[in-house]
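Please look at the sequence and the fold before reading on.

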Amino acid sequence: MVNPIHIVSIALGVAFALGFLGKREKLALGIVYTALAVMLAISASWLSHFWGNVTEPIQIFTGGFKPPFAINLQMGLAESVFTLLINTAGLLGAIYLANELLKAGKNMMIVFLVLVLGLNVMVMTRDLFNLFVFMEIQSIAIAGLVILNPDRKSIPAGFKYVIATGLISSLLLLGTVFIYYFGGTLNIDFISQESLLYVKGGSVAIFLVLLSIVLELKPFPANGWALDVYEGAHPGIGALISAASATAGVFVLDKLMVFGNFTFFNAISIIGAITFLGSNLLGIKQDNTRRLLGYSSVGQIGLIMTIIGLKPYLGENTKFIALAILLSHYLAKAGLFWLAGMVNADKLKDWGAIRGHRIYLFLMGTFIFTLVGFPPFPSFFGKWQLVMQLANNHHFWLLAIILIGSFFEGVYLFRWLGYAIKWDEVEQNYPKIKLNQFIPTVIFAVLAYALGFYFGELSGYKSTFIYMAAAFIAFLYIFDFLPVFVKNTLAIGAMALYYFANQDTFHGLTSIFFIIFVIGGIITLLAGYTFKGKRTGFYPLVMMMFAGLIGLLEAKTTLEFFFAWELMTAGSYFLIIRGKKSMEHALSYILFSVGGAYLILSGFGIAQIGHTGMGLDVLKDVHYYAPIAFTLMAIGFMTKLASIGLHIWLPGAHAEAEADVSPMVSAILLKAGILGLVMLFLSMGPQKLFGIDVLYVLSWVGVLTALMGNMMAAFQEDAKRLLAYSSIGVLGYALFGLTMMSHLGWLASLSIVVTHFMFKSLLFLAIGGVVMRTKTKYMYQMGGLIKQMPFSFVSVLIGIIVIAGLPPLTGFGGKWLMFNAIMENGWYFQAGIAFFAGVISFLYCFRLIHTIFLGQPKDELRNVKEAPFWMLVPQYIIITILLVLSALPNSMLKPIGQILLNYFPDGALVWHGQLAIGPYGYWNGKLILAIVTIIFLAVFAWLYIINRKAQKVKQFNIVYAAERPFRPETTHFAYNFYAPYQKALGFLVAPGITNFWDAVSDGAHAIADKIRSIYNGNGQTYLAHILGFTVIVYILMNGGF
Amino acid sequence: MEFGIKQILYLLLTLFIVLNYGLILQGIMPKIAARVGRRYGIRWYQPYLDLIKNHAKRSKITHGVMYYLGPVFRLTGGIGLLLFLPVIYGSPVFGNLSFAGDLTLVLFFQFFGVLGMALGAGESGHPHSAIGVSRGLSQVTALELPLTLGVISIAMQYHTLNISDIVAAQQGGVMNWTIVTNPFAGAALMLTFLGSMGRAPFDVVMAPQEIPIGPPTEYHSGFLGVLQLNRAIFPVAKLILFMNLLYGGATSWPELFIKTFFIYLWSVFVGVAFPRFRVDQSVRWFLGVPLLFGIIAILLI
Amino acid sequence: MIKKGLLLILLVGFVAVISGLLINFTGSNELNPLASYYAEKGPTEVGAANLVTAVVITYRGFDTLGEVTILFIAAAIVGFFLKTMNADTNRPLRLRKTSEILETASTLLVPTIFMLGAYIFVNGHLTPGGGFQGGAVIATGVMMIILARPASQFNHKLISVLESISGIGFVVMGVLGLVLASGFLNNAFLPLGKLGSLLSAGAIPIIYVFIGIKVGSELTSILDSLKENQNEI
Amino acid sequence: MAQYLTLEFIAMLTGFILIIIGLWGMITQKNLIKLVIGFSLFDTGLNIVIVSMAYVKNSTAPIIDKAVDVSQAASKIADPVPQALVLTSIVIGLGVTALMLAYVLRMYREKKSLDINSYTDLRW
């Protein structure tokens, strides 16, 4: 083992030696790289030494004397890890900065090297004053590197940085020397033995020391100087500060917390939480890339501060949580800064320049999802553990603050990502890939995945299915250059394989969703054959979404469930954002999803209080706050379900998606919400929150959702939006059915779920085909298409008859069941509204089919073709199933009823053949279908007899008030089809909820704008902030002076 | 129950009776209305003449498949509705096909014809047809809310959705009729009934007086004939439904004729007494007083 | 004005915070254990008559190394600043006139000052003073040159070589301590000699010489850089 | 009160006063140079504080010579540690000050202004 002191000797030796080289910059740089590499190697070797077998950390005595008489360094597991991180960032950062360093000359190389050295020693030293010295080295070095490219931005930023850190380190020094005075030693371990806190004045000294360390970590709001540096400095330097320097700082804080007592720990955790919340809130108003990253870094470090402060509560878990989050921050932030350097776009919107560039977007997406804490990245597991522990310690306020903070972070990060993927008002120009900048970034991205896997292992997450899926996704991503039909076949094959492998592993309710997810997936994927070319990036995402969906079924523990949930969200987000104008819709989708996910997460957290395991069955007996947990989770799942109030993301997201994505997200993805609710209701049953039956409230939410969804659908001009709203409505029914918690209610609900899957994919596919051909989504621009697209017409016809729930088709079954269930349950008013809503669905059904297929054909659409073959195939498969189910309703309802018997034994239907007998009524689907068909044929025969030789006439050959209309536009009654209805009831669908959410968002932005005005750019104000922070924290901690 | 040639004959018989009764009503009611307006009015057998005329028309044109099928849907809806009802209480002969489904089926099956017809009208490409459909659907949806509440109230009153049982429960004198035992539900239903009959003040859908408007605008000759058949059968079916729900059904044809006649008369009475609503007005109206009755009906169960 | 008032309140608050240190400061009547350990063992372990030097160079030598490094990078950064500034412009420098007296005096004084500096850091382990003080004194000599002859140019190459040699020397001493004696920067790998004589205290004199040269040259380069600027303005 | 009328306390007090003055300068002076001067005042005050901490009642400099003999060093000399520390802190202060001055010069070059308010381009 090489003595760690040689990290110092080598670094300094090289730094001093560079003076000899004169003008040979290249050589100098080479030497610097070697030095950094050696330092890296040393810390790596020590890590491998300490790995696994836990050995005591070794001490290095400088001056050859034992502490406290001389300064000693320590190298243990923790030190080795942190120095490794620092040196890695150092080496890669130096490689990234190669050109800049060459341009700047050897002085800057020296400074860079010394910076890395300083960070190393900060981690290793055990002497307080020595720590001060090397922190000074660090800050001076950074102050130097800030002006690596001196310009109007970086120089003032650097100056502010110098004066601020000058003040802070003076405070540190003051504290340090007085610690020496009161404690008689400077060695950290010895100081911690002295009970200085109880010496008068000693406590002040310790306060100053710890506080100045905290200040070095840029707490909100005393961090304006840091933000300026992040914005002004070269991104490469920003990466170094954010990754390496902050890492070291965190370690130092952790090291020095031995001085403090509970008051200090609490103070740290609160400061951290405020920082996290505050800086993320301010971030949402920020439009400059680097400053945004600055806000985010500050926030992340704040989060880690909180975790350190929570050490007394978290105990053993602290290491895991802190490390998971720190590593994610380290990788992602460095990566993003580096990307920012490569793309070199100041404003967030300018990132639209890289839209469509697979590699850049892949990297960016990786890092951003790492930051927000999506699976499979370490932060996901870290956040999970954190939430669980916070809940266990009943720290609900902190929990809320942290989740809200991360939500804000999500807001600006996803907005940014959206711009990069979609913003098309800047012309595309791909920065050409410089290897020295590119390779480090890629390495970090890869590390993010690898570490994610590792942390998954640590936190006991093992789902072979997900790993297989991940492998398959990766495969698809790599072989993305293959033509569509190959990839499509692969995808379908994989799904089919999975189906046949597992068709009897799922029992009970999950089997229903299993069928919907897998079979549904296959059917909708068939439509993919329509597309030509490569369809870059589509299949990995689809598979990601389906992997998530199936993962929900496979999940045995809450962790696995949540993992799958987030995976599905991520996949669907990317699927949705592929659509043409779907940038902001995708944003609102992901934000609502993230918000909902956090509610679910906290629900899980509360649910598992007092449990050891994390199995899904913890929901079955929740020890504390069961109603709250229940409500949180219910709302969380309802965001996915787009229940009224949480629905505003859905129409845009589903309407703007591609032709075959809409059916997936609408007909299949939404069922995830239902699945969640089913799971929740079954395990936690009815709950009373403040004496109110939550389910009763939800039943109202359900019917109102149905009403509003249908009514809004009736007023749409855009065909796909119409369908989207109708999804909202139908799922409102489903929710209502579930809330009844009775056999019939669930039977109704589930049958609606199944049929909704069928008719909604049917309709979305059909309309998608039409839109493909007509190139418009507005119904009033179509008309008379029945002649060009008869097959699509039939699909839509069947589809709407099922939606409307008209006998004889199977939709009626749902209605009939619902009626019986309600009678049984006694929720008459909900029933009234439910059926009112049901009839309103006639409005949009007719509008859909009439304005598109009937009426007057438009001139420009006279010769559109029938929808593509592969779009029709899945439609007709579905139609066949629908007709069979209509003829033999019990083939669907009986099995579901059987399953439900396990949960709701009484109140089941009685079947005589196809005759279903409920508590109130009876219904014989087969017979009805037969009768209606016979009558229909009879009448048709009669009409045909009396009316054989009816002669086909041309368009416009109609009685038109003795006129002959000449323009279809004026003759086709389509626009604002239900004007009188709108006049009568339009007020019901005034966009109140949308306005509400807009107001919320505007409010948040306004607040952020107000608060951030404290960063007035004046260095002196920042000094004042630092002083003020000190004073206020002191007062709050000691309740006075 | 076994289903043989006999039943089919019974069905046809029912159809035949109802058809003629419907045609006659069609003749009489306008006459009554005209007399109220101090006009002479049509002859009572005018509908027969029209029917024959329309079937005899020689010029026949079609706008396409849906256009052709529209009337078929419509008539199917009418006949189906009739046949799913127990026409004569207690008579196995005229119980028809009510064993196939209950009240829910009947309520929803009304719309089968409506929607099919609307599609046919739509394909005719005549704007007036589409406007008519839009108006019609708007009104129907509006009156559905009080209707549902009323029906639920009744179903709860008798704890069944089976029409025959509902009728059975009302036997034995006027005092057992639902209209007496559950007046608010009755009121709600009778008010929505007005809307469903499409007479004033709710006749803007068809608007018979003005230039031809409404779904049938483009229909003529045989098509119109079929539609007329439906116009004869469908209202009677609805009358029978309301009779069964509110007025204790009928144990014999004469009783049926009398009861249904007066129920029909109620709509005519209102029609001659009140001017026409615009659609938005009628929508608001249905969600006013009738809805109130419906809610009270529910609350009083 | 209100702003000033707020700042005043802030400052008062801060005073209140740190006054906790002041009021609890009550001198000290005898050395604390650590210091007395240095007092007793210092002469024998390190062999430097000047105990401060013993602490500075050996016991806390690692601090000193860091300290030298700080000075070093400060000089490097300032130098870089200067370079980037003069890169873009080469307008003629306005030089202030300097007085006759100063010029003549400087010719006389500068060598003596240099010598004094050298003396100070060579005797760092015996008498008050040491590398830093000596280096600083030398720098004052440089300062005087600058004042006397603003036009004079220093040999940057030479300065940087001096910096490098001395710095590396320091590090090498440290490593030698690690290899030959009990630890990094331990001075005992050379004979400690007789307490109080010039050639005593093992490696300390050598280290101090290096430090002296280094500090001197670094301060020189800083002064030089600043001078160049100041002439430009 | 008497305990406060000692040499070292007065020195310490002076140091603190200098610190406060320097701080006041740093947070009120708009002129960059004055701001830097404020900082170095602060720094000097700090150093005085450290030194005055080293003093032990009626003791002499920690140097072994005729005045102080090895045997009784422990009882005669002042604390060498703070003196070592102050050395370091002085040098560091010097480095930082030099850096600040360099920055000031450079900023002046950019905008020909020494007013701190004219360097607020980066904000929010």
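In what order do the 3 strands of the open sheet in chain A stand, and is the pairing parallel or antiparallel? The order is S5-S6-S7, and the pairing is antiparallel. Keep in mind that this is a predicted model.

**The sheet in chain A**

Strand S5 (910-912) and strand S7 (922-924) of chain A are the edge strands. Each has a single partner strand, so one side of each lacks a neighbour in the sheet. On average, neighbouring strands of this sheet are turned by 20° against each other, direction ignored. Strands of a sheet pair through backbone hydrogen bonds, either parallel or antiparallel.

Now take one pair in detail. Strand S6 of chain A covers residues 915-917. It is joined to S7(A) by 3 bridges, and the two run antiparallel. Which residue of S7(A) stands opposite A:Ala916? That residue is A:Trp923.

**Domains of chain A**

The domain assignment gives chain A a domain 1 that spans 1-126. Domain 2 of chain A is assigned in pieces: 462-497, 509-905 and 932-936. The centres of domain 1 and domain 2 of chain A, taken over C-alpha atoms, are 56 Å apart.

**Chain B**

Chain B holds 12 helices and 1 strand.

How does the radius of gyration of chain B fit a compact globule? For 301 residues, such a globule would have a value near 19 Å; chain B has 19 Å, so the two agree. The C-alpha trace of chain B spans about 55 × 50 × 40 Å along its principal axes.

Of the 301 residues of chain B, 58% count as buried. Among contacts in chain B with a separation of 6 or more, 79% come from residues 24 or more positions apart.

**Chain B and the other chains**

There are 4 pairs of chains in contact, and chains A and B share the most contacts of these. Chain B has no contact with chain C. Nor does any contact join chain B and chain D. The table gives the separations.

| Pair of chains | Distance between closest C-alpha atoms |
|---|---|
| chain B and chain C | 63 Å |
| chain B and chain D | 53 Å |

Note on methods
Residues numbered from 1 in each chain as written. Chains lettered and ligands numbered in written order. Predicted model: local features only at pLDDT ≥ 70, side-chain atom pairs only at ≥ 80, totals over all residues. Pairing = 2+ DSSP bridges. Helix = DSSP H or I, 4+ residues; strand = E, 2+ residues; numbered from the N terminus. Axes fitted to C-alpha atoms, helices over the stretch in contact; angles between N-to-C directions. Rg over C-alpha atoms; globule rule 2.2 N^0.38 Å. Buried ≥ 20, exposed ≤ 12 C-beta atoms within 10 Å, placed from the backbone. Contact = placed C-beta atoms within 7 Å. Domains from an automatic or database assignment.
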